[in-house]
Amino acid sequence: MAEETFTRWIEQVYTTEEHEIDCKQLQNFLPAFVDAEVNGERLPHTAVIQTHLQHCPDCQEIYEGLNLVIRAEAELPSLTMD
Ligand SMILES: [Zn+2]
């Protein structure tokens, strides 16, 4: 997702939901969130997402799965280039 599109999308989410996002929204957002995290970037709404994850085992499970996959890909770039 392009950064600008992403920013606009998350702004829309936070216009409708002041403090919380629902699971569907969060799960749409998770790949970009984990990707940023792996790359050492901090997104504007990291704290809100982390709070949701702490209270939601379902989303936490998806987050952890994505985390493993994205980290594995990030750590093994040379193997796919062969
Ligand atoms: Zn959730």
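Q: Which helix holds Phe 6?
A: This is a predicted model, in which local features need pLDDT of at least 70, side-chain atom pairs count only at pLDDT 80 or more, and totals for chains, interfaces and linings use all residues. Residues are numbered from 1 along each chain as its sequence is written. Helices (H or I, at least four residues) and strands (E, at least two) are DSSP runs, numbered from the N terminus. Phe 6 is found within residues 3-16, that is, in helix 1.

Q: Is Phe 6 buried, partly exposed or exposed?
A: A residue is buried if 20 or more other C-beta atoms, placed from the backbone, lie within 10 Å of its own, exposed if 12 or fewer, and partly exposed in between. Phe 6 has 14 C-beta neighbours inside 10 Å. Therefore Phe 6 counts as partly exposed.

Q: What distance separates the C-alpha atoms of Phe 6 and Phe 29?
A: Along the chain, Phe 6 and Phe 29 are 23 residues apart.

Q: What percentage of the residues in the protein is buried?
A: The protein has 82 residues. The buried share of them is 13%.

Q: Which helices do the buried residues of helix 3 pack against?
A: Helix 3 spans residues 46-55, and its buried residues are Val 48, Ile 49 and His 52. They cover an arc of only 95° around the axis (taken from the directions from the helix axis to the C-beta atoms), so they lie on the same side of helix 3. On the other side, Ala 47, Gln 50 and Gln 54 are exposed. The buried residues pack against helix 2 (23-38) and helix 4 (57-75).

Q: Why does Val 34 count as buried?
A: Val 34 is found in helix 2. Val 34 counts as buried because its C-beta neighbours inside 10 Å number 21.

Q: Which residues does Val 34 touch, not counting residues up to four places away in sequence?
A: Two residues are in contact if their C-beta atoms, placed from the backbone, lie within 7 Å. By that rule, and with those neighbours in sequence left out, Val 34 touches Tyr 63, Leu 66, Asn 67 and Ile 70.

Q: At what angle do the axes of helix 2 and helix 4 cross?
A: Residues of helix 2, including Leu 26, Leu 30 and Val 34, meet residues of helix 4, among them Cys 59, Ile 62 and Tyr 63. Axes are lines fitted to C-alpha atoms, for helices over the stretch in contact, and angles run from 0 to 180 degrees between N-to-C directions. The axes of helix 2 and helix 4 come within 9 Å and cross at roughly 30°.

Q: Which residues is Ala 36 in contact with, leaving aside its neighbours within four places in sequence?
A: Ala 36 is found in helix 2. Ala 36 is partly exposed, with 15 other C-beta atoms within 10 Å. With those neighbours in sequence set aside, its contacts are Glu 41 and Leu 43.
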